[in-house]
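Hi everyone, thanks for making time this morning. Please have a look at it first.

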Amino acid sequence: MQLLKNGPEIPEELLWAHEDGDVVFFAGAGVSKPAGMPGFKDLVDQLYVQLLAEPTSEQKRAIKEHRYDVAINLLERWLPNGAEQVFDALMVHMSSGAPPANALATHKALLTLGRNRSGQTQLITTNFDRLFE
């Protein structure tokens, strides 16, 4: 089945599984880029700059391996009072004001698509921002 003209062909079995609540949508950092949010790598890079932290060799390895969550965790453990410092720095990036008018179109579409027939939303996100709220 095609939901959009020239869109991808979606297997009917997937649509039925979705309706039965057996499908979960995953949304990564890219979904929030139109709203001005950084991607995960850019966020990690900005955190290190903002906190004036030169990455250790272990942190550099985590970044190189695209394990950004690990790099943030290592940064939290390395800095004095690190969890609080990282949280405060993250909040600076996540509260950059109201997003542009059409920037949440993908979020809204995912929230609509992510509802099963009982109205329960089945969506997981790795995002630090709160744009799905």
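So, the chain has 6 helices and 2 strands. Reading from the N terminus, the order is α-β-α-α-α-α-α-β. Do keep in mind as we go that this is a predicted model.

Now to the overall dimensions. The C-alpha atoms fill a box of roughly 50 × 30 × 30 Å along the principal axes. The radius of gyration is 18 Å, whereas a compact globule of 133 residues would come out near 14 Å.

What about burial and surface? Buried residues account for 33% of the 133 in the chain.

Next, the contacts. If we take those between residues at least 6 apart in sequence, 64% of them join residues at least 24 apart.

Let me finish with the pair I promised you: helix 4, residues 68-78, and helix 5, residues 82-94. At what angle do their axes cross? It is roughly 130°, and the axes come within 6 Å of each other. Angles over 145 degrees would count as roughly antiparallel, and 65 to 115 as roughly perpendicular, so helix 4 and helix 5 are oblique to each other.

And which residues meet there? From helix 4 we have Ile72, Leu75 and Glu76, and across from them in helix 5 sit Gly82, Ala83 and Val86. Sorted by class, this contact has 4 nonpolar residues, 1 polar and 1 charged.

That's my tour, and I'm happy to go back to any part of it.

Definitions and conventions. Residues numbered from 1 in each chain as written. Predicted model: local features only at pLDDT ≥ 70, side-chain atom pairs only at ≥ 80, totals over all residues. Heavy atoms only, no water. Axes fitted to C-alpha atoms, helices over the stretch in contact; angles between N-to-C directions. Helix = DSSP H or I, 4+ residues; strand = E, 2+ residues; numbered from the N terminus. Parallel < 35°, antiparallel > 145°, perpendicular 65-115°, else oblique. Contact = heavy atoms within 4.5 Å. Nonpolar A, V, L, I, M, F, W, Y, C, P; charged D, E, K, R; others polar. Rg over C-alpha atoms; globule rule 2.2 N^0.38 Å. Buried < 20%, exposed > 50% of the residue type's maximum accessible area, 1.4 Å probe, protein only.
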